[in-house]
Amino acid sequence: MTKENPESPFRVICGTSAGAINAALLAAHAQDFGVGVSRVMRAWGSLRASHVHRIDAASVVRSTARWLWKSLAGGSPRRPVSLLDNAPFREFVSRLVDFSAVGASIKRGHLDALCISASSYNTGRSVSFFQGLDSLRPWSRARREGVAAELGIAHLLASAAVPFLYPPEPINGEYFGDGAMQQLAPISPTLHLGAERVFVIGVGDSAAIASVSVTPRAYPSFGQRRAHPR
């Protein structure tokens, strides 16, 4: 590789939720890190709500009504229901990420593995789907596991499927949602896939997370308790 076209400095790339899109783009362009970063910046810079879900009034009302009906009536729907219809996101991601390029990056030695994590609604486990070198092996720990897979659009949709807002995504007979829900050890997949040093990009406020407050807080509401990871 020339200095003008340096390959990715990251041999293992893992992503969760919206970060899975970044990971997939960087992995697909592992042979040219600059192009990968440019694609990530361009994707988020051009993203609109209409690229993620249907925003016309008729679609929103229809999806909401269907979700309310299923919530009240119960039963197993023939198709997953949610407050919003994310069909545009499926189309957007399919145009954005070339998963065949991920396999090519691995085959040509530019990348060791790409990993995308999602949460299983059926088992309550955090599942890290990975595609990489033949030497890499699946793993299983308490409430989390690594599964070898040929990654595709479904894995991205599953990892970014915010509960209630977007429908669970079926993969191998299970339904999956946002990978951040049950990911108690977010760095673990990277280490299992052979990383010795880790560079983490997050969207949280690390200062707020690190701080400890002794100020009494309000009693947690029902919604707060219901949303807390178990």
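This is a predicted model: local features need pLDDT of at least 70, side-chain atom pairs count only at pLDDT 80 or more; totals for chains, interfaces and linings use all residues.

Reader: Where does Ser105 lie, and which residues is Ser105 in contact with, leaving aside neighbours within four places in sequence?

Author: Ser105 lies in helix 6. Setting aside the neighbours within four places in sequence, Ser105 is in contact with Ala27, Ala28, Ala30, Gln31, His110 and Leu111.

Reader: Which residues of helix 6 are buried, and where do they sit around the axis?

Author: Helix 6 covers residues 99-107, and its buried residues are Phe99, Ala101, Val102, Ser105 and Ile106. Around the axis they take up an arc of only 150 degrees, which puts them on the same side of helix 6.

Reader: What do the buried residues of helix 6 pack against, and which residues are exposed on the other side?

Author: The buried residues pack against helix 1, strand 2 (113-120), strand 3 and helix 7 (153-159). Over on the other side of helix 6, the exposed residues are Ser100 and Lys107.

Reader: On to helix 2: what span should it have, and how far apart are its end C-alpha atoms?

Author: Helix 2 runs over residues 33-46, which makes 14 residues. At 1.5 Å a residue, helix 2 should span 20 Å. That agrees with the model, where the end C-alpha atoms are 20 Å apart.

Reader: Which residues of helix 2 are buried, and what arc do they fall within?

Author: Gly36, Val40 and Ala43 are the buried ones in helix 2. An α-helix has 3.6 residues a turn, so residues three or four places apart point the same way. Seen down the axis, the buried residues of helix 2 line one face, because they fall within an arc of 65 degrees.

Reader: Which helices do the buried residues of helix 2 pack against, and which exposed residues are on the face turned away?

Author: Their packing partners are helix 1 (19-28) and helix 5 (87-96). The face turned away from the buried side of helix 2 carries the exposed residues Met41, Arg42 and Gly45.

Reader: How many aromatic pairs are there, and what kind is the pair of Phe10 and Phe33?

Author: The count comes to four aromatic pairs. For Phe10 and Phe33, the ring centres are 5.9 Å apart and the planes stand at 65 degrees. Angles over 60 degrees count this way, so the pair is edge-to-face.

Reader: Where in the chain are Phe10 and Phe33, and how many residues apart?

Author: Phe10 is in the segment before strand 1 (12-16), while Phe33 belongs to helix 2. The pair links distant parts of the chain, 23 residues apart.

Reader: Are Phe129 and Phe176 buried or exposed, and how far apart are they in sequence?

Author: Phe129 and Phe176 form an edge-to-face pair, 5.3 Å centre to centre with 75 degrees between the planes. Both residues are buried. Phe129 lies in strand 3 (residues 126-132) and Phe176 in strand 7 (residues 174-177), so the pair ties together parts that are 47 residues apart in sequence.

Reader: And how many helices and strands does the protein chain have, and what share of its residues is buried?

Author: The protein chain has ten helices and seven strands. Of its 230 residues, the buried ones make up 36%.

Methods:
Residues are numbered from 1 along each chain as its sequence is written. Side-chain values use heavy atoms; hydrogens and water are left out. Helices (H or I, at least four residues) and strands (E, at least two) are DSSP runs, numbered from the N terminus. The expected span of a helix is 1.5 Å times one less than its number of residues. Buried means under 20% relative accessible area, exposed over 50%, partly exposed in between (1.4 Å probe, protein chains only). The arc is that of the directions from the helix axis to the C-beta atoms. Contact means heavy atoms within 4.5 Å. Rings of Phe, Tyr and Trp (its six-membered ring) pair if their centres lie within 6.5 Å; planes under 30 degrees apart count as stacked, over 60 as edge-to-face and the rest as tilted.
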